[in-house]
Amino acid sequence: MTGLRRFSWASTIATFIVIFTGGLVRVSGAGLGCPDWPKCFGRWLPPTSVDQLPPEIDASLFNFTLAWIEYGNRVLGMVLGLLIVVTAILALVHARRHIKVWLPSLIALVLVAWLGWQGGQVVASGLEPVLVAAHLLLSLVLALVLLYMTLSLEAVLDPARGRGASYPRKLTPWLTGTWVLALVQAAIGTQLRGALKVMREVEPLGGHSEWMAAVGPISNVHQMLGVVVVGLALHSAATFLKRAERPEPLARQAAVALIAVASVQLLLGLAMLLFGTHALLQVFHLWMSALLLGSLLVLLVHLRRARPLAHET
Amino acid sequence: MSKGTQLGGLIAGAIVAVTLAVCAGIVLSEADRSKREIPVLGTVPEFEFTTRDGKEFTRDDLLGRISVVDFFFTSCVTACPVMSGSMGELYRAFDDTDEVQFVSISVQPSVDTPAVLRAYAEEQGVTDDRWQFLTGPLAGVVTLSEQGFMLPADNLPMGHSTKFALVDRRGRIRGYYNGMENKPMIKLREQIMVLLETDVSARGAAASAAAEPPRVFRRRFYVSPVAWTGVCSLSVWR
């Protein structure tokens, strides 16, 4: 089972890495770096110069740097796919009796295959905002499914761990609500981004303030909901750390991580509001939302498993 | 879990984040730089055509501005509506500046007289001089297309090229974009923006009269790639 454990963790961490590189592709403008899929400019490896392009491909689209950035994300996605295949096989072999382990691994397998194909659709459509948003949201779901699988596996491998722990029961509905709101917020974020992109195309000479104003109420909704989510996350994590008794190390780490990630996410959102949606800020804002959802999930899973506090029973 | 390990964990997390930020910074720098490297493919030669208002339009009218040039004819029912649609979108997108102009040259001058071009312009919703429709002697048009822009001009009028040519403020051809497809138009828009920001000294008289170049929203994130690569690889190796 050690192999399964390693692959499970590896797949989970790899998904968060691919979410980061995907964000990088997006903000560097490399989304159409390879205008075709699955090949790149008609080749399995991107061309290194214009004369390597096949004649039927439009040479004006070729940018060496962008092609390799986009291709890098595809390759990482493929590696992730292979990791998940191995994980699923190992899960079916070694964890047959534990549905909370093998079922998520199969779901992850379907999701990663779908993501790969869907990425091709994103390119074919010329980066249609709805498809780009779906690509990110699907990858968030994949990350959470794999994280859930990994946590279930940890519980199976070491059932005694955390047996002495007890947590404030009232936190569960709060955390669940925060998690749902965070997911909604991520979806709204993708819509905001899509709307800003349209603004940029229609009025390329505008500026950040003009575009944000033209985009309408969605930007206000995103800002307000962001504050709410961060507030809830910080409160839940602080309550957990203060009131939990003999908490499991992973749960404690998740609570600390949640405080760190939520704070950084708030600062990033503020920075983007004040200084403009600079590329680096965008990449980390996107990634932090994935980490936020992940930390919330870890806490939630532990809370549901453990005993309530003594005075709450 | 001790406070020490907790702090250690946070520091490790911070180091990972900084390393990622540095590597991401390099990638973004390089991507930005690569988008600004637009090649020079040729120079537009002298020509002399007539606008829809009966005025003369020559190579000099291309200088000092960024121009998008294509070849069309008004009675074209297949390619030209798509091309004019794309050109129209660009025309409306850049309506806040005088520094970008659009030039459509007819390959059927026998039919496309200035009056016909006026009607066509009206149909396209063109209300100013930012989009010029030109007509001139067929031989001149063929020469300009084939030798000037290196675009084929056989079997006119149907055989005109569907490419848009991007011309900079000095009359140099900087790129060709298929006017029938969506993705090349995205790239064209991007490269117009890059040209607007660069080579500001070549801005025309009309533009210089304005207070400053059009305010362009761009990401300022260029740092020395060598320095960043060094830092990034050191962290990864460590």
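Reply:

Of the 313 residues of chain A, 52% count as buried; buried means under 20% relative accessible area, exposed means over 50%, and partly exposed lies in between, using a 1.4 Å probe and protein chains only. This is a predicted model, in which local features need pLDDT of at least 70 and side-chain atom pairs count only at pLDDT 80 or more, while totals for chains, interfaces and linings use all residues. Residues are numbered from 1 along each chain as its sequence is written, chains are lettered from A and ligands numbered from 1 in the order in which they are written, and side-chain values use heavy atoms, leaving out hydrogens and water.

Chain A has nine helices and two strands. Helices (H or I, at least four residues) and strands (E, at least two) are DSSP runs, numbered from the N terminus. The radius of gyration of chain A is 21 Å, close to the 20 Å that the globule rule gives for 313 residues, so chain A is as compact as a globular protein of that length. That radius is taken over C-alpha atoms, and the globule rule is 2.2 Å times the number of residues to the power 0.38.

**The sheet**

Now for the part you asked about. Chain B holds an open sheet of six strands with mixed pairing, in the order 1-8-7-4-5-6. Strand 1 (42-43) and strand 6 (131-134) of chain B are the edge strands, as each pairs on one side only. Two strands pair if DSSP finds at least two bridges between them.

Let's start with strand 7 of chain B. This strand covers residues 163-167, and four of its five residues are buried. On one side, strand 7 of chain B runs antiparallel to strand 4 (residues 66-72) of chain B, and three bridges join them. Here B:Ala165 stands opposite B:Val69.

B:Gln132 is the bridge partner of B:Val103. In a regular strand, side chains alternate between the two faces of the sheet. In strand 6 of chain B, B:Trp131 and B:Phe133 point one way, B:Gln132 and B:Leu134 point the other way, and all are buried.

The loop between helix 4 (138-148) and strand 7 of chain B holds B:Pro157. The peptide bond from B:Leu156 to B:Pro157 is cis, with omega near 5 degrees. B:Met150 is found in that loop too, and has a positive phi of about 55 degrees although it is not a glycine.

**A helix in the same chain**

Helix 2 of chain B covers residues 79-93, and its 15 residues should span 21 Å at 1.5 Å a residue; the end C-alpha atoms are 21 Å apart, which agrees. The expected span is 1.5 Å times one less than the number of residues. Among its buried residues are B:Met83, B:Met87, B:Leu90 and B:Tyr91. An α-helix has 3.6 residues a turn, so residues three or four places apart point the same way.

**A pocket with both chains in its lining**

Finally, look at the second largest pocket. On a 1 Å grid over the protein atoms alone, a pocket is an open set of points with protein on both sides within 12 Å along at least five of seven lines, and lining residues have an atom within 4 Å of a point. The second largest pocket is lined by 48 residues, of which A:Trp287, A:Leu291, B:Gly13, B:Val16 and B:Leu20 lie nearest its centre. Helix 1 of chain B gives the largest share of this lining, 15 residues.

Terms used: On a 1 Å grid over the protein atoms alone, a cavity is a set of points where a 1.4 Å probe fits but cannot get out, and a pocket is an open set with protein on both sides within 12 Å along at least five of seven lines; lining residues have an atom within 4 Å of a point.
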